[in-house]
Amino acid sequence: MSARKVPVAGQQGQRDGVAARAAGPAWDYAPAPESRDIVTIAAEYGLFTDGEFGPAADGRQFPTINPATEEPLARVALAGQADVDRAVAAARAAYQRVWGPMPGAERAKYLYRIARILQERAREFAVLESLDNGKPIRESRDVDVPLAAAHFFYHAGWADKLEYAGLGQAPRPLGVAGQVIPWNFPLLMAAWKLAPALAAGNTCVLKPAETTPLTALLLAEVCQQAGLPPGVVNVLTGAGQAGAALVSHPGVDKVAFTGSTEVGKEISRAIAGTGKRLTLELGGKAANVVFDDAPVEQAVEGIVNGIFFNQGHVCCAGSRLLVQESVADIVVDRLKDRLATLRLGDPLDKNTDIGAINSREQLDKISELTAAGDAEGAQRWSPPCRLPEKGYWFPPTVFTGVSQSYRIAREEIFGPVLSVLTFRTPEEAVAKANNTPYGLSAGVWTEKGSRILWMAQRLRAGVVWANTYNRFDPASPFGGYRESGFGREGGRHGLAAYLDA
Ligand code: NDP
C-alpha cells in the first residue's frame, strides 16, 4: 500500500457544523482500482430461456447503468407476458423430462460444477457486480461471490440426502419455482434462490431486479458452461410487471420473493387461494443493542458493519442502534471517530468502504427519509467526506436524539443511515427493540453469556447475532416474522420450502 498526501482543506462534506478532523495535511491511500478488463460486457443481453439467450418476444429492452458513474453498461431484454409463458413452459418440460426424475446424486454434480465455475470466475463476477450494483469490490469479492459459491456447494451436498433431512421419508420437489429477487445482493440472492430449489429437484424461473440484471445473466452463462439441461434454470430480466406475471402464472408451483414488504404483500394477495407455496423475505428495521459491559471498540466495529456494509442496502441491517445510556456518549464518540476513517468512492477501488447508492430512486428515498429525521428534531451527523460529482452517493450518516415515533426509527431507510436511541434497563432494551412491525434480525453486544440468552429469548427477530453482526452461512436458516415475511432460506429449513414432505 502506498500513501500520498492530500490536503484536508480540499475535502467537502463538512456538514451540520462538523469540522474536519485535522487542520493540517493528512495521509490518504493511493488509488488501488481493480481492473475491469477481466469482464467483457456485451452491448446487449437477451433473456435466458430453455438453455438459450434470446431477445424478448416483442423486442423491448431497457438500459442498465453503473450507479457510481451513471454510465450505461448494456441494454437488456425486457421480458413480457409471452416471455414468462415461454420460460415457465421450458421449466415445466425440464422438470417433467429431466430434472424431476434425475437421481439426486446426478443433480449434485451439476450444482458442484456451478459452484466450482463460480469460484474460477470469481473475479469476473465481483467486478461485474460492483459495476452494476455500486457496491465496493472488497465486499463483492470477499462476501457476495464466495457466499454464492458456498450456497451451491452446500446444497450440492444435500441433493442426494434429502430423505435424511428430517423432512419426511421421501420428500418430493414441488415443480416449477418462480423466484423474484432484489438489487442489493444480485448474485447472492440468485444463489440463495436457485441452489436449494435445484438441489430439491425443482426447476426455476428467476427474475432479477431491473437495476442489477448482469450477474444473474452471467450466472445463466455459467449454467450453460456447466452443461445444465436446458430449461432447468431460466432468467427473465425485466421490470416489476415481469415479476408480477411470473408469480401469478398458473404454471408456477412455488413462489419465492425477496424485496420490499409492500411488494411482498401484493404477491401474497395475488396468489392467495391458488395453492402455490410461498416464502417471503422482506424488509427490516433491526435493533443493534449495546450494553454497558460490551467491549466498546468491538461493538463499534459491529455497529459499522451492521449499518454501513453494502451502503446499508441490507434487509437485516442494524439500522437502529440501541445503546445503554451510561455508555451512549463514549460509544457515539468512538463511532464518529471510526466513521471518519471510512472511505467513500469508486466501488472498484480496493480501499473503498462505502460505494454508490444503487439507483436515483433509492437515493431519493434515503434523502426524503433523512429530511424527515431533520424535520422531526433528530441531530444529523456525517463525517467529512467528498461525494463524487457523478453517480448516486450518500455519506455515512448518524442521527442522535431519535425518538421511537420518528420515521427514521420506524421505516426501512435502506441506506447508510443509523438512528441512535438509548435505554437504561435490559427490559427497556427489549421493549424498544421489539417496537417495530418488522422482525428479521437483531444484534446484542455484552460480555455476559447469560444476558445474550436472555435477550435472544425475548427479541422477536428471525436472526439474533451476539457480539457480531451480518454473519451468513448457507447452513444457517435466515428469515423473519411479521412484516419481515415468513419461511426460511438456508439450512434444512430452507430446503423444506422447496419440498413436499
Ligand atoms: P421491490 O420489492 O419493488 O423489488 C424487488 C423485486 O420485485 C424486483 O425484482 C422487482 O422488479 C420485483 N417486483 C416489483 N413489483 C413486483 C410485483 N408487483 N410483483 C412481483 N415482483 C415485483 O423493491 P425496490 O427495488 O422497489 O425497493 C423499494 C424498497 O424496498 C427499498 O427502498 C427498500 O426499502 C426495500 N427493499 C428491501 C429489500 C430487502 O431485502 N428487504 C430488498 C430490496 C428493496 P423491478 O426491479 O423491476 O422493480
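## Ground rules

Residues are numbered from 1 along each chain as its sequence is written, and side-chain values use heavy atoms, with hydrogens and water left out. In this predicted model, local features need pLDDT of at least 70, and side-chain atom pairs count only at pLDDT 80 or more, while totals for chains, interfaces and linings use all residues.

Helices (H or I, at least four residues) and strands (E, at least two) are DSSP runs, numbered from the N terminus.

## An enclosed strand: β12

Start with strand β12, residues 254–258. Five of its five residues are buried, so the strand is largely enclosed by the rest of the structure. Buried means under 20% relative accessible area; exposed means over 50%, and partly exposed lies in between (1.4 Å probe, protein chains only). In a regular strand, side chains alternate between the two faces of the sheet. Here both faces are covered. K254, A256 and T258 are buried on one side, and V255 and F257 are buried on the other.

Which strands pair with β12? Two strands pair if DSSP finds at least two bridges between them. Strand β9 (residues 176–180) pairs with β12 in the parallel sense, over four bridges. A177 has K254 of β12 as its bridge partner. Strand β13 (residues 277–281) also pairs with β12 in the parallel sense, over five bridges. There, F257 is partnered with L280 of β13. Between β12 and β13 the chain passes through helix α8 (residues 261–271), and this β-α-β crossover is right-handed. That label applies if, with the strands pointing away from the viewer, the path from the first strand over the helix to the second runs clockwise.

## Helix α7 and its cover

Helix α7 spans residues 240–247. Its buried residues are A242, G243, A245, L246 and V247. What covers them? The cover includes α1 (81–99), β9, β10 (203–207), β12 and α8. Contact here means heavy atoms within 4.5 Å.

## Around the ligand

How many residues surround the ligand? The count is 28, and the closest are I181, W183, S260, Q362 and K365. A residue is near a molecule if one of its heavy atoms lies within 4 Å of it.

Some polar contacts can be named (a polar contact is a pair of N or O atoms within 3.5 Å; within protein, one must be able to donate a hydrogen and the other to accept it, and residues adjacent in sequence count only if both atoms are side-chain atoms). An N or O atom in the side chain of S260 is 2.7 Å from an oxygen atom of the ligand. A polar side-chain atom of K365 also lies 2.7 Å from a ligand oxygen atom. A244 uses its backbone: an N or O atom there lies 3.4 Å from a nitrogen atom of the ligand. Taken alone, the ligand exposes 860 Å², and the protein buries 86% of that. Accessible areas come from the Shrake-Rupley method with a 1.4 Å probe; for residues, only the protein chains shown count as cover.

Strand β18 (residues 417–423) is mostly covered, with six of its seven residues buried. Strand β15 (residues 320–324) pairs with β18 in the parallel sense over five bridges. L322 has L421 of β18 as its bridge partner. Strand β17 (residues 397–400) also runs parallel to β18, joined by three bridges.

K432 lies in helix α13 (residues 426–433). Is K432 buried or exposed? It is buried, with a relative accessible area of 15%. Beyond residues up to four places away in sequence, K432 touches R320, L322, Q404 and T422. Q324 lies in strand β15 and is buried at 8% relative accessible area. A polar atom of the Q324 side chain lies 2.9 Å from the backbone oxygen of R424.

## W445 in strand β19

W445 lies in strand β19 (residues 441–445). At 2% relative accessibility, W445 counts as buried. Its side chain and that of N288 are joined by a polar contact of 2.8 Å. W445 and G302 are 143 residues apart in sequence, yet 8.7 Å apart in space, C-alpha to C-alpha.
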